[in-house]
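Me: I would like to learn how to read a structure feature by feature. Can we work through one together?

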Amino acid sequence: MNFQEILDTDIYALTDEGLSKGRSNVEVVDAMLKAGIKVLQYREKDKKSGEMLEECLQIRAMTKQAGCKFIVNDHVDIAMLCDADGVHVGQQDIPVPQVRQLVGADKIIGLSTHSPEECKRAIELGADYIGVGPIFATQTKKDVCAPVGYEYLEYVTQNHNIPHVAIGGIKLHNIQDVANHGARCCAIVSEIVGADNITETVLALRKAMVK
């Protein structure tokens, strides 16, 4: 797999069933895939492992058929069991070198970063891509740090070649500004999963990024 191409897309979509207006993750993912999403992260903080595995097995089959990269958040075991394309971990999760020992050389490892120091460390540790943020305040994570704004995003885009995705509070009304500050790939949660029409929302987000 060419890891440089993992984030060669505009929208990096994440699940959050609690924000999905009563729809299941599978229903939302189906709509995302029909909208042309090419990178999808499964992120659920409060479900039991067995339920998450069952969902991930189903979503893995859907994403594979659609040609969409499938990343599992935090749960390395579930990522391995469903043969996901990769796993995304945070600063307080299993360190990247140990994740690599578990998943092997052919799986993608993403790491959340919040500062230039964490970016440099992620590169040293061998992360395949990094999350850059939170750009804005976000309510989709309970343990999130303070917003880093555009300064850190600009630092990464101007100083490093590692694939990166901007994340945190990005919505239709501000995604163009994020793109103007260097982001080529934006992670979106609530704006997509909470949309009445997911396809129309994804199209609108894409159009806003290239204006």
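Reply: Start with a definition. A polar contact is a pair of N or O atoms within 3.5 Å; within protein, one must be able to donate a hydrogen and the other to accept it. Keep in mind that this is a predicted model. Here, the side chains of Asp74 and Lys45 are joined by a polar contact of 2.7 Å.

Me: Which residues does UniProt list for "binding site"?

Reply: The UniProt entry, which is unreviewed, lists Asp74 and Asp93 under "binding site". Such annotations may be inferred rather than shown by experiment. The two are spread over 20 residues of sequence, yet they cluster in space, with a largest C-alpha distance of 7.0 Å.

Me: Where does Asp74 sit?

Reply: Asp74 is in the loop between β3 (69-73) and α3 (76-81). Leaving out residues up to four places away in sequence, Asp74 touches Lys45, Val87, His88, Val89, Gly90 and Asp93.

Me: What about the phi of Asp74?

Reply: The general idea comes first. Most residues other than glycine have a negative phi. Asp74 has a phi near 70°, a positive value in a residue other than glycine.

Me: Where is Asp93, and what does the side chain of Asp93 reach?

Reply: Asp93 lies in the loop between β4 (86-89) and α4 (96-103). The side chain of Asp93 reaches the backbone nitrogen of Gly90 at 2.6 Å.

Me: Is Asp85 buried or exposed?

Reply: Buried means under 20% relative accessible area. Asp85 is at 13%, so Asp85 counts as buried. Asp85 is in the loop between α3 and β4.

Me: Which polar partners does the side chain of Asp85 have?

Reply: One is a side chain: Asp85 makes a polar contact with the side chain of Arg60 at 3.1 Å. Another is backbone: the nitrogen of Phe70 lies 2.8 Å from a polar atom of the Asp85 side chain.

Me: Now helices. At what angle do the axes of α1 and α2 cross?

Reply: For helix pairs, look at the distance between axes and the crossing angle. The axes of α1 (residues 25-34) and α2 (residues 49-66) come within 10 Å and cross at roughly 10°. Angles under 35 degrees count as roughly parallel, and therefore α1 is roughly parallel to α2.

Me: Which residues make that contact?

Reply: From α1 come Asn25, Val26, Val29, Asp30 and Leu33. From α2 come Glu55, Gln58, Ile59, Met62, Thr63 and Ala66. By type, the residues of this contact divide into 6 nonpolar, 3 polar and 2 charged.

Me: How far apart are Pro116 and Glu151 in sequence and in space?

Reply: Compare sequence separation with C-alpha distance. Pro116 and Glu151 are 35 residues apart in sequence and 9.9 Å apart in space, C-alpha to C-alpha. Pro116 is in helix α5 (residues 116-125). Not counting residues up to four places away in sequence, Pro116 touches Tyr152 and Tyr155.

Me: What does Gly126 touch?

Reply: Gly126 touches Val96 and Arg100, again not counting residues up to four places away in sequence. Gly126 and Arg100 are 26 residues apart in sequence and 8.6 Å apart in space, C-alpha to C-alpha. Gly126 is in the loop between α5 and β6 (129-132). With a relative accessible area of 31%, Gly126 is partly exposed.

Me: Last, the backbone. Which peptide bond is cis?

Reply: Most peptide bonds are trans. The bond from Gly133 to Pro134 is cis, with omega near 0°. Pro134 is in the loop between β6 and α6 (149-159).

Me: What is the phi of Lys21?

Reply: Phi of Lys21 is near 55°, a positive value in a residue other than glycine. Lys21 is found in the loop between β1 (11-14) and α1. At 53% relative accessibility, Lys21 counts as exposed.

Notes
Residues are numbered from 1 along each chain as its sequence is written. This is a predicted model: local features need pLDDT of at least 70, side-chain atom pairs count only at pLDDT 80 or more; totals for chains, interfaces and linings use all residues. Side-chain values use heavy atoms; hydrogens and water are left out. Helices (H or I, at least four residues) and strands (E, at least two) are DSSP runs, numbered from the N terminus. Contact means heavy atoms within 4.5 Å. Axes are lines fitted to C-alpha atoms, for helices over the stretch in contact, and angles run from 0 to 180 degrees between N-to-C directions. Angles under 35 degrees count as roughly parallel, over 145 as roughly antiparallel, 65 to 115 as roughly perpendicular and the rest as oblique. Ala, Val, Leu, Ile, Met, Phe, Trp, Tyr, Cys and Pro count as nonpolar, Asp, Glu, Lys and Arg as charged, and the others, Gly among them, as polar. Buried means under 20% relative accessible area, exposed over 50%, partly exposed in between (1.4 Å probe, protein chains only).
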